[in-house]
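Dear colleague,

Please find below the structure that I am handing over to you, followed by an account of what was found in it.

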Amino acid sequence: VRRWHFNKRPKQDIEPDTLVLREEPLAALKDGEFLVRSVYLSMDATNRLWLGDLDLYMAPVSLGAPMIGFLAGEIIESRHPDFPVGSLAAGLKPWADFVVSDGSDMQLMPNIPGLKMADAFGILAVAGPTALVGLMEIGRPKPGDTVVVTAAAGAVGMLVGQIAKIHGCRAIGIAGGAEKCRWLTEEFGYDAAIDYKSENVVERLRQLAPDGIDVHFENVGGEMLDAGLTVMKDFGSVVICGLISTYNSAEPVPGPRMFRNLIMRRLRVEGFVILDYAARYPEFQAKLAQWMLEGRLHYRLHVVDGLDNAVDALKLLYSGGNQGKVMVRIGAE
Ligand code: NDP
């Protein structure tokens, strides 16, 4: 089996020797275990945090241990009664072309007629539930509210705007570059887009949301969060979903300059981690899959071929080189 290992802690950006791919023998299956042929590996911004030594929401990856990520594949051998050969399973597993599980860290994937495995895994495994919970349960917008989303052309962001629209809100997306901004309004249903690379974000937010932002959905942190906090409406909500602009820093990054607006604007600011909602996945997936099948949820998948290219695929997230949800295709569907 070919498996990536955490080799050396990066100072900032992931370095060529941070992760190494090794070939290792695979032990025979024990009773209660099953063998999965990997098909897709989800690349998530948070993967970089697991390579650091800051205090997180879960244990980081230990030096020398296999690198982990959300993975989906086909069960090809089984000594577990609930995981039959031929079915699809997904879970938090090593970056490897074959993985073994005892069922404690993998679940059977829901079979959704009409959805390909790439769509089902790419949208329903992490990004979709995150967008849904973050917007509807943490942000809690009302119809007519103005919702602002950062990293809006990314995996989570492209879905948040559409879910906001489905619920009768106005959606403004912030992304880097004219092309991504065009996707926002033409493909992902955003009412307006702001290119933070070429426009003054605070000025544009003030034009587009003259009465202020009701719900700000933060994926980036730093200057983007400050821009949102500057233009919030009184009693607005700020969803802290991610702070990707800070993930390559070895040290905690100072908080927002506009922290004072938590009191000036009487804001509710709340963070969340989607792993805490695992028990409700069937409910989220049913809802998201229905919107996908009805053509109400559009998305882009950015599939990179080959386990060898996993590190390069992950790095796309921090450079903005990704065009939608990044997944590595390890084997055929
Ligand atoms: P994306 O597909 O959105 O890719 C990341 C995007 O972030 C890039 O394309 C880039 O977009 C933008 N970006 C990266 N670095 C910077 C920077 N320094 N400044 C501004 N923008 C930057 O990734 P995901 O959808 O997977 O993740 C988005 C966010 O959601 C992350 O912060 C992630 O941690 C968070 N998340 C949180 C979860 C939770 O449970 N709370 C679960 C899943 C994700 P552009 O080209 O527009 O700059």
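Eight helices and 15 strands make up the secondary structure of the protein chain. Please bear in mind that this is a predicted model.

As to overall form, the radius of gyration is 20 Å, which agrees with the value near 20 Å that a compact globule of 333 residues would have. Along the principal axes, the C-alpha atoms occupy a box of roughly 65 × 45 × 35 Å. Of the 333 residues, 43% count as buried. Among contacts with a separation of 6 or more, 66% join residues 24 or more positions apart.

The domain assignment divides the chain into domain 1, comprising 2-109 + 300-329, and domain 2, comprising 124-275. Their C-alpha centres are 28 Å apart. Where the two meet, 21 residues of domain 1 are in contact with 15 residues of domain 2. On the domain 1 side, β4 (68-78) and α8 (310-319) are the elements that each contribute two or more residues.

Helix α1 is mostly covered, as 17 of its 23 residues are buried. After α1 comes Arg140, which has a positive phi, near 50°.

With kind regards

Note on methods
Residues numbered from 1 in each chain as written. Predicted model: local features only at pLDDT ≥ 70, side-chain atom pairs only at ≥ 80, totals over all residues. Domains from an automatic or database assignment. Contact = placed C-beta atoms within 7 Å. Helix = DSSP H or I, 4+ residues; strand = E, 2+ residues; numbered from the N terminus. Buried ≥ 20, exposed ≤ 12 C-beta atoms within 10 Å, placed from the backbone. Rg over C-alpha atoms; globule rule 2.2 N^0.38 Å.
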